[in-house]
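Open the model in your viewer and keep the selection tool at hand. The stops below say what to select and what is there.

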Amino acid sequence: MNERPRESVETLVNRLSETVRDYPQPGVVFRDLTPVFADGEALHAVVHALIAPFQGQFDAVAGVEARGFLLSAAAAYASGTGVVTVRKKGKLPRTTISEDYTLEYGTATLEIHADDLLPGSRVLILDDVLATGGTLGAACRLFERAGVQVAGFGVVLELSALRGRSALAGHRIRSLVRE
């Protein structure tokens, strides 16, 4: 019996993702990765590719709202670590730390619980897309203010033209697909 060759993670992402123009507002091109997450083989490959370079270097995985939650939960399970959420303002019930940031198409505020991770612990931050770096930069500042070391960032897709890496200078970044 012949097995079909396994696709690279980059091929899986490119084949399964969808491009949606003018979403969430005119002029924005949105890369929808939810079809990638819906495919078991692709989700497995993506999660393992994101955490492999950081193996043994983090105590928890953080996911940035909302698609980052999917990745971080799967990555925490795969790595045997805990998971924490980086939420939009007003979604967390206990004492929070807040950080404002700029999006490609506006501004927003992110929050984490002030006590989810102990000072000195290490966190790997995951999200679906790195665009301008505003969201991931804000998440990084939140954890650093809480005394948590950021082990690095993992993203499925990096939109290189928007130069989001510059907002994360000094940190390791694992991008599975760069456009």
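Begin with Phe-153, which stands opposite Ile-173 in β9. This is a predicted model.

Next, select the two strands β8 and β9. They pair in the parallel sense, over 5 bridges.

Now bring up the whole sheet. It is open and has 7 strands, in the order β5-β6-β4-β3-β7-β8-β9, and its pairing is mixed. At the edges are β5 (residues 96–103) and β9, each of which pairs on one side only. Ignoring direction, neighbouring strands of this sheet are turned by 20 degrees against each other on average.

Two helices come next. Select residues 67–79 for helix α4, which lies across β3 (60–64), β4 (82–88), β7 (122–130) and β8. The helix α4 runs at about 165 degrees to β3. Then select residues 134–145, helix α5, which packs on the sheet. Helix α5 touches β3, β4, β5, β6 (106–113), β7 and β8, and its direction makes about 155 degrees with that of β5.

The last stop is helix α1, residues 9–16. Show the side chains of Val-9, Leu-12, Val-13 and Leu-16, which are buried. Why are these residues on the same side of α1? Because they cover an arc of only 95 degrees around the axis.

Definitions and conventions
Residues numbered from 1 in each chain as written. Predicted model: local features only at pLDDT ≥ 70, side-chain atom pairs only at ≥ 80, totals over all residues. Heavy atoms only, no water. Buried < 20%, exposed > 50% of the residue type's maximum accessible area, 1.4 Å probe, protein only. Helix = DSSP H or I, 4+ residues; strand = E, 2+ residues; numbered from the N terminus. Arc of directions from axis to C-beta. Pairing = 2+ DSSP bridges. Axes fitted to C-alpha atoms, helices over the stretch in contact; angles between N-to-C directions. Contact = heavy atoms within 4.5 Å.
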